[in-house]
Amino acid sequence: MTNAEKPTQKNNTLMLVGIDKAGKDIAALNKSAKEAKKQLDAIQEQIVHVDDEIYWLENAPGPLSDALKNIDHFVNEKSDLAGINHFFYQRESTGLGTFDATVDLGRDNVLITPEIGRVIGSGRVDLSEVLCALFPEQIKRQLSAMVTAAADGIESGPPMDERDGLKAELIKRRYQLEIEEEKIISTAEELGLNGFCRRADCNPEIVLMMP
């Protein structure tokens, strides 16, 4: 071995420094990867929470104030003057009478006998138009008292007229979270890191727009 080929103390020192630096770089990368994975998990958890809030907004019962408004609207709509005109004439009315109720037999519950053409079936009778037309204020009071008593046991959401605005805010928040999510995942892919998975319902628009 020539003098040029013999390892010197300086070369050994440089080699050790290089190995140490590479080890530190790998350790730093692993640490960064762990931190990034924690961030990704936290963001995806927030997305799930936002989805839950959106679902709640879309399906939650309305507050008592909305229920009372719905009762007023329902009774007012049902308590019209349909059928009252026949009292102004001596002849029998051929149209809907004041005491005529809507009958819904249902398609699967009807049997027509060919011998006499008789319809046999079971279904339901809607008396709301009759009752609301005759006793509108009493019906409102009774239904209002019933929903007021039931309201304590119902976990209601925000008023219906506020929900569109609240939902728009949540959708905007979700979009921002999805951008942050995709930045972490795409960076991890560039570095060859494993374990950074997209959600099954990830936003394809955001995935495709990332450089």
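1. pLDDT is the predictor's confidence in each residue, from 0 to 100. The protein averages 79, and 65% of its residues score at least 70. This is a predicted model, in which local features need pLDDT of at least 70, side-chain atom pairs count only at pLDDT 80 or more, and totals for chains, interfaces and linings use all residues. Residues are numbered from 1 along each chain as its sequence is written, and side-chain values use heavy atoms, with hydrogens and water left out.

2. Helices (H or I, at least four residues) and strands (E, at least two) are DSSP runs, numbered from the N terminus. Helix α4 (residues 136-151) has the highest mean, 95, and strand β2 (residues 110-113) the lowest, 56. Over residues 12-23 pLDDT stays under 50. There the model has 1 contact (heavy atoms within 4.5 Å) beyond four places in sequence.

3. Look next at helix α2. Its 15 residues reach 21 Å from first C-alpha to last, close to the 21 Å expected at 1.5 Å a residue; the expected span is 1.5 Å times one less than the number of residues. Its buried residues are Asp66, Ile71, Val75 and Lys78. They lie on the same side of α2 because they cover an arc of only 165° around the axis, taken from the directions from the axis to the C-beta atoms. Lys69, His73 and Glu77 are exposed on the other side. Buried means under 20% relative accessible area, exposed over 50%, and partly exposed in between (1.4 Å probe, protein chains only).

4. Asp66 deserves a check. It is buried yet has no salt bridge, that is, a side-chain nitrogen of Lys or Arg within 4 Å of a carboxyl oxygen of Asp or Glu. The nearest side chain of opposite charge, Lys69, is 4.6 Å away; Lys and Arg count as positive, Asp and Glu as negative, and His and the chain ends are not counted. Beyond four places in sequence, Asp66 touches Pro159 and Met160. Met160 sits in helix α5 (residues 160-190) and is partly exposed at 46%.

5. The whole structure holds 11 salt bridges. Lys37 pairs with Asp41, with closest N and O atoms 2.8 Å apart. Both lie in helix α1 (residues 9-59), 4 residues apart, about one turn of the helix.

6. Asp51 and Arg174 form another salt bridge, at 2.5 Å between the closest N and O atoms. This pair links distant parts of the chain, helix α1 and helix α5, 123 residues apart. Arg174 is buried at 15%, while Asp51 is partly exposed at 25%.
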